[in-house]
Amino acid sequence: MADETNLTKRERQKLRRDQKLAEQRRLAARARRRRLMVLLAAGLVLLGAVGVVIAGQLAERAERAETARQAAQQLEALGCTEAVAQPDLGTGHIGGQELAANPPEAIYPDRPASSGRHIGSVANSGVYDQPVDERFLVHNLEHGYVVVYYDDDLPPAAVEELTSFVSEQLGAFPKLVAAPWQGALPGDANVAFVSWRTRQLCEQFSPEVALTYLNEHHGTASGAPEAAVAPVATEAENPVRPDAEGPFLLPPEAPAPPVAPTAPAPGQPTS
């Protein structure tokens with residue numbers, strides 16, 4: 001501290017003010033340095049987090065690209081077509097008496113259908129072991145679903161692989177249904193991947209082909225008109241759900257109920 005002996009009162013007051021101001025500036029500078037260190041540390045943490053996110057995104061893209069590359073190499077050996085765009089058959093609901101007059105083969109000229117008129121309800125996500133009316137599942141497609149059909153010619157081991165794959169992927173791809181196809185799929189195909197206005201047929205099942213199809217055609221990536229607004233169907237009260245009793249078919253596909261035998265009229269002999 002400066003010697004104040006020979007200073008006037010005014011000079012001593014000025015000196016003390018200057019010293020106090022210098023101390024305030026020193027403390028403010030130290031506080032700024034501390035804030036800067038905190039912000040720098042936070043910035044480094046944020047930068048690291050952003051780096052981790054970016055690295056994760058890049059790794060995911062690389063993994064998808066590798067899966068797609070492997071799938072492309074397998075297509076010929078698996079008897080698979082490319083994922084092919086299908087004609088737009090429009091939308092709209094059918095119900096009541098219209099159902100019997102509009103079976104799938106009448107309203108879908110090329111099956112499995114990827115668009116067209118459909119039942120007003122959807123099927124719950126999941127793996128079915130009974131056939132599901134195609135007119136339900138076309139409505140699912142309109143909501144951004146991928147439907148995986150398989151027919152009776154797919155070997156049991158491959159069916160197990162397919163259904164296990166779909167069960168495992170429901171977390172990442174919740175709008176997903178697997179169901180047996182009634183009859184034979186087109187050509188030599190035993191598996192069909194279907195989304196809104198897109199379809200891929202394969203003779204054999206491949207997880208790489210299936211995963212690539214999901215990556216490219218599930219949810220909003222499908223271009224389905226209601227993919228972004230329709231929630232995943234998991235209602236416990238929905239009659240069309242994997243744990244309900246099937247088959248899930250409406251007229252005219254539904255099997256006719258058994259006819260109860262009629263009692264003979266009084267006096268008539270029984271057969």
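## Salt bridges

Seven salt bridges turn up in this predicted model, where the term stands for a side-chain nitrogen of Lys or Arg within 4 Å of a carboxyl oxygen of Asp or Glu. Helices here are DSSP runs of H or I with at least four residues, strands are runs of E with at least two, and both are numbered from the N terminus.

Another salt bridge brings together the side chains of R111 and E134, with 2.7 Å from N to O. R111 is in the loop between α3 and β3 and E134 is in helix α4, so the pair ties together parts 23 residues apart in sequence. R111 is partly exposed, with a relative accessible area of 24%, but E134 is buried, with 3%. These two residues also belong to a network of salt bridges that links E105, R111 and E134. Then there is R135, whose side chain meets that of D133 in a salt bridge of 2.8 Å, N to O; both of these residues are buried.

## What the values rest on

Residues are numbered from 1 along each chain as its sequence is written, and side-chain values use heavy atoms, with hydrogens and water left out. As this is a predicted model, local features need pLDDT of at least 70 and side-chain atom pairs count only at pLDDT 80 or more, while totals for chains, interfaces and linings use all residues.

## The disulfide

Let's turn to the cysteines. The model has one disulfide, meaning a pair of cysteine sulfur atoms within 2.5 Å. This disulfide joins C80 to C202, with an S to S distance of 2.0 Å. The torsion about their S-S bond is about 115 degrees, so the disulfide is right-handed. It links distant parts of the chain: C80 lies in the loop between α1 (9-78) and β1, and C202 lies in strand β8, 122 residues away. Both cysteines are buried.

## The six-stranded sheet

Six strands form an open sheet with mixed pairing, in the order β1-β8-β7-β5-β6-β4; two strands pair if DSSP finds at least two bridges between them. The edges are held by β1 (84-85) and β4 (126-127), each with a single partner strand, so one side of each has no neighbour in the sheet. Helix α4 (residues 134-142) packs on the sheet and touches β5 (146-150), β6 (176-180) and β7 (191-195), where contact means heavy atoms within 4.5 Å. The direction of α4 makes about 145 degrees with that of β5, taking axes as lines fitted to C-alpha atoms, for helices over the stretch in contact, and angles from 0 to 180 degrees between N-to-C directions.

On one pairing, β5 and β6 run parallel and are joined by five bridges, with Y149 opposite A179 in β6. The chain passes from β5 through helix α5 (residues 156-169) to β6 in a right-handed β-α-β crossover: with the strands pointing away from the viewer, the path from the first strand over the helix to the second runs clockwise. On another pairing, β5 and β7 are antiparallel over four bridges, and V147 stands opposite V194 in β7.

Strand β8 (residues 198-202) is antiparallel to β1, with two bridges joining them; R199 is the bridge partner of V84. β8 also pairs with β7 in the antiparallel sense over five bridges, and here Q200 is the bridge partner of F193. β7 and β8 form a hairpin with two residues between them, and R197 in the turn has a positive phi of about 60 degrees.

Five of the five residues of β8 are buried, so β8 too is largely enclosed by the rest of the structure. T198, Q200 and C202 point one way from this strand, and R199 and L201 point the other way.

Key
Buried < 20%, exposed > 50% of the residue type's maximum accessible area, 1.4 Å probe, protein only.
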